[in-house]
Amino acid sequence: MNRPVLALLLGLFLALPLSASDDQRWDGADELDVNPLACAGDASDDGVDDMETMEYDGGSVAFTRMIDMRGNPISLVDAPKLGGIAYYEAVALGQRQAADELGTVSIITDAPAEADIDAQIEIIERHIAAGVDGILFAANDPVAIAPVLRKALSNGIHVIGYDGDSQPDAREWFVNPAAAKGIAKALLDSLVDQRGESARFGIVTSFYSAPNQSRWIAEMQAYAEKCYPELDWLETLEAGEDAERAFKQAQSLIEKHGSELDAILALSSVVTPNSAAAIQESGLCGELAIVGLATPKDVKPYVNSGCMRDMIAWNPIDLGYAAVHVMRAVIDGDFGPGDASVMAGRLGELMVVNGSEVLLGAPFVFNAENINDFDY
């Protein structure tokens, strides 16, 4: 099935109400079961402590070079979804901090100009040919990127994902910025707190195939069925990682649904500030809620003006920092299949979840009380 047809089918699934029955539930881009957290007020459950322990399901690197790299200098390349946006610049800063701290790591970032999977694959191919020691990546498409990552593994190159995962066997570990069900709970709890348990909302995501965002949507549907069955999910629109398109898609929701729309959920660091801008331009600040994920500096104007109350996220600097520490530990033989945790410098001990994921931690809510404390 070609990608345009797949995207159309996914779009039809995403338009289902959040109270859809199990046989209609959209599972996102992976095969993990959904397991919603306790409803708001029932428990302080962030999704960190009860993640299921599973057998390691990541890939294996072919040790074709026959060189013991423990403690030796290593060269890494970072291949994020795209360049030129604050989020991945913050990730790269964290990577450089870890590299400087370790003293044995050199790293460059090589990002596509647009969130294009073919361009991302081409970049990774180029660095495989150059013979780097390790590849860090945030996938634009979990399936399409998998073959080139498997090629890297077969060439003796270590592969660690972050932010956007691939198929598990195409990388060794994935540094998960936050438990998907924790993100889902935080987003919907904020929406309901602002607009009530029968709120009507639309979602603007980047790509239907984006692995992190598709999983958040699946988990939101499960959490809503359990805790907020009266929520009305009007539709989901795809904006790519394009600022102008994100603005237009949010504007489209506003124009199409009018007073029936109570809130917009925005699921990327590009989509969120531009959706907030569309609400502001429409003169609906205070009437139409927006909850999303972004970097603090991108949404500060909207939070400080009162147009946006909550932004859900994690620290992308810590995410990049953790990914480099995981890579160094893997290459040194200090972290591998069967281990329950890994040490990550200033972050301390990070736990292994879902077989081959390293969990950064619980999501954090940025608001007017704290957002000015962050400068990334």
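I take helices and strands as DSSP runs, numbered from the N terminus. The model I am reading is predicted.

**Entry: D262**

I looked up D262 and found it in the loop between α7 (243-257) and β8 (263-266). Its relative accessible area is 16%, so I noted D262 as buried, the cut-off being under 20%. Beyond the neighbours within four places in sequence, I listed contacts of D262 with R195, S198, A199, R200, E287, L288 and A289.

**Entry: α3 and α4**

I then checked helix α3 (residues 117-130) against helix α4 (residues 146-154): their axes come within 10 Å and cross at roughly 10°. I therefore recorded α3 and α4 as roughly parallel to each other. On the α3 side I found I121, I124, E125 and I128 making the contact, and on the α4 side V148, L149, K151 and A152. I sorted these contact residues into 6 nonpolar, no polar and 2 charged.

**Entry: disulfides**

I searched the whole structure and got 2 disulfides. One links C39 and C227, with the sulfur atoms 2.0 Å apart. I read -90° about its S-S bond, a left-handed link. C39 sits in the loop between α1 (3-14) and β1 (74-79) and C227 in helix α6 (residues 211-227), so this pair ties together parts 188 residues apart in sequence. I noted both C39 and C227 as buried.

The other joins C285 to C307, S to S 1.9 Å. I have C285 as partly exposed at 32% relative accessibility, while C307 is buried at 4%. Counting bonded cysteines along the chain, I wrote the pattern as 1-2, 3-4.

Methods: Residues are numbered from 1 along each chain as its sequence is written. This is a predicted model: local features need pLDDT of at least 70, side-chain atom pairs count only at pLDDT 80 or more; totals for chains, interfaces and linings use all residues. Side-chain values use heavy atoms; hydrogens and water are left out. Helices (H or I, at least four residues) and strands (E, at least two) are DSSP runs, numbered from the N terminus. Buried means under 20% relative accessible area, exposed over 50%, partly exposed in between (1.4 Å probe, protein chains only). Contact means heavy atoms within 4.5 Å. Axes are lines fitted to C-alpha atoms, for helices over the stretch in contact, and angles run from 0 to 180 degrees between N-to-C directions. Angles under 35 degrees count as roughly parallel, over 145 as roughly antiparallel, 65 to 115 as roughly perpendicular and the rest as oblique. Ala, Val, Leu, Ile, Met, Phe, Trp, Tyr, Cys and Pro count as nonpolar, Asp, Glu, Lys and Arg as charged, and the others, Gly among them, as polar. A disulfide is a pair of cysteine sulfur atoms within 2.5 Å.
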